[in-house]
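Subject: Structure for your files, with notes

Dear colleague,

I am passing on the structure we spoke about, and my notes on it follow below. Please read them alongside the coordinates.

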Amino acid sequence: MVEDGKTAAKTVEEQPTTTFQPKNGADVVVSALIRQGVKTVFAYPGGYSIPLHQAFTRQADRVRVILPRQEQGGGFAAQGYARSTGSPGVCMTTSGPGATNLITTIADAKLDSIPVIFITGQVVRSVIGTDAFQEVPMTELCRSITKHHYLVTDERDLPRIIKEAFHIATTGRPGPVLIDIPRDVQLAPVASDIDFDPPMNLPGYSAVLPEVTEDKIAQLVAMIRAAKKPVIYAGGGIISANASEALTAFVRNTGIPITTTLMGLGAYPDDDPLGLHFPGMHGAVAANYAINEADLLLAMGVRFDDRVTGKVEKFAAHGKVVHIDVDPSEIAKIKQPNLGIAANILGVLEQLCRANIRPEADLSAWHQRIAEWKKADPFSYHQVDGWITSQLAIDTLWKLTKNRDDVIISTGVGQHQMWAAQFYHVRRPRTWLSSLGFGTMGFGLPGAIGAKVGNPNAMVIDIDGDGSFQMNIQEMATCTCEKIPMKVLLLNNQHLGMVVQWEDRFYGRNRAHTYLGPIDRPEWRGQGDGLGPKDRYPDFVEIAHGYGWDARSIAQIDELEPALHAMLNAKNSFLLDVAVPYNEYVLPMIPPGGTIENLIRN
Ligand SMILES: Cc1ncc(C[n+]2csc(CCOP(=O)(O)OP(=O)(O)O)c2C)c(N)n1
């Protein structure tokens, strides 16, 4: 049905540039977005954003508007676009319910530091504050979950505000910016000589950090030179700073082992000998042990998230900690470092590489120790008789695609997400898209849509759980109608698996509303050790067909490889529904607030 995603994207790029004279505020918004290089906007209309939508149609040859089927889908698609391309995503909704549907995605972008411009329609200026129809004070609601936010009260401010919004979203530590635009501002006539490049007015904001003092660099160099058991703990900040290459050069040059957080997956190839994979609650045993024993922890572009540290006092307690981050407020927020450096990580890494700074000691004993930990406790899984497990499905997908360099993985939230991180080895930055700080179920499909729009030639695969997928299942329509071919590997365990895991670990296996099948089919409901039948509710294949997708449902191991091939080779959007057991656990596990001493391995 759909050949590939290139057609629509190319249509936009190949159109000749026309001179367009904006007539009203809405035209100004669209022209200003185009000036910022925006090629795609994910937007769902309503009464208070109609003028903006109308304005987009007047410049339809220059910017593509994609209609999601729910605003949250649009917000996550804009994030998927931004996460995978590095360019800011743009999402637009109407006021009130359209705007509040975005809020989860705004908070999500804030926690993962993703640059997205969120534009919302607002009621007309004269009725703001009167509980007018579909009025909600978006700037108030989003004050703490945006990097910055604007309520536009004068159409003449629009070019400046849009310029500032992109500047703020993309500089320093990236993040979401909200622009709330009353309908009468959208409709206000504008002068013909409007200045689209006005000076910015951001007295309280500077993305330029003070130069790192020579003294700090000297301390850093001395600490690296003196280290005998150093470890790098690198995160999403590396990817935002486009510093993966510099980081890789630094690791190769120094021989310092590296663990990348879930946000940092792809910053360094995790299956490389010096790679320790990700640390934390469900992270690699070797990464956790190495951090624990390290005499120097080089924390770069990370924020000491509680899912990584467990009990902070016990985290990296046996060595010195250096924290380098572009956001000065992160330094010493959670963990007091011995040396804190607020800086652009790319610059620091390049400086260290140029000066060939490396530990003076021979690290081979340390490498040996780490290799032993890796060998003793790799991420592993067992076969369950007669069943395809999620881990096996992901591992097989990895094996079938590992020689490709065009794969982008998106995920939902839950056990499947952790298994995807463990068994799908991400080797390149911006190819692992997942809601991590906020952990929002429903990210997978719309996130993948945004990635496919931003990377039309990539093979984008959403690895999802049946709970998460149903949170934004309506976006299957977006794929079909907007000609965005998609692949979904649905690991269907009929349960909210991650919560089941916690029920089993901490609540005596008592099932409390974690079963997704019909309540009058209690025999399906996983209790105790039963694996449950393999038939599934709902019928995802029927649903997929209804949306115009191809689909297949499998339950037997010998069906797995052929079905994955069918998914990978499909031209149309393809859903592969895999019946998996519900009572598998993500291992290892450090319990909440725990330490590596209580690493649960079996
Ligand atoms: C929007 C939202 N609601 C609730 C949760 C809490 N939660 C975390 S994981 C999870 C279960 C996810 O189930 P599923 O998507 O089927 O994946 P599985 O764990 O079974 O692989 C839930 C309910 C969440 N993270 N996000």
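Helix 4 (residues 71-85) and helix 19 (residues 444-454) pack at an angle of about 50°, their axes lying 6 Å apart; helices here are DSSP runs of H or I with at least four residues, and strands are runs of E with at least two, both numbered from the N terminus. Axes are lines fitted to C-alpha atoms, for helices over the stretch in contact, and angles run from 0 to 180 degrees between N-to-C directions. That angle makes helix 4 oblique to helix 19, given that under 35 degrees counts as roughly parallel, over 145 as roughly antiparallel, 65 to 115 as roughly perpendicular and the rest as oblique. In this contact (heavy atoms within 4.5 Å), residues of helix 4 including Gly-73, Phe-76 and Gly-80 meet residues of helix 19 including Pro-446, Gly-447 and Gly-450. By class, the contact has 7 nonpolar, 7 polar and no charged residues, where Ala, Val, Leu, Ile, Met, Phe, Trp, Tyr, Cys and Pro count as nonpolar, Asp, Glu, Lys and Arg as charged, and the others, Gly among them, as polar.

Please bear in mind that this is a predicted model, in which local features need pLDDT of at least 70 and side-chain atom pairs count only at pLDDT 80 or more, while totals for chains, interfaces and linings use all residues. Residues are numbered from 1 along each chain as its sequence is written, and side-chain values use heavy atoms, with hydrogens and water left out.

A second pair consists of helix 17 (residues 390-401) and helix 24 (residues 557-569), whose axes come within 10 Å and cross at roughly 50°. That makes helix 17 oblique to helix 24, and their contact involves, among others, Leu-392 and Leu-397 of helix 17 with Leu-560 and Leu-564 of helix 24. The residues of this contact divide into 9 nonpolar, 3 polar and 1 charged.

Turning to the ligand, 17 residues surround it, the closest being Gln-415, Gly-439, Gly-467, Ser-468 and Gly-497 (a heavy atom within 4 Å is required). An oxygen atom of the ligand is 2.8 Å from a polar backbone atom of Gly-497, and an oxygen atom of the ligand is 2.9 Å from an N or O atom in the side chain of Asn-493.

Finally, the backbone: the peptide bond from Tyr-537 to Pro-538 is cis, with omega near -5°, and Pro-538 sits in the loop between helix 22 (497-506) and helix 23 (540-546).

Notes
Polar contact = N/O pair within 3.5 Å; in protein donor to acceptor, adjacent residues only side chain to side chain.
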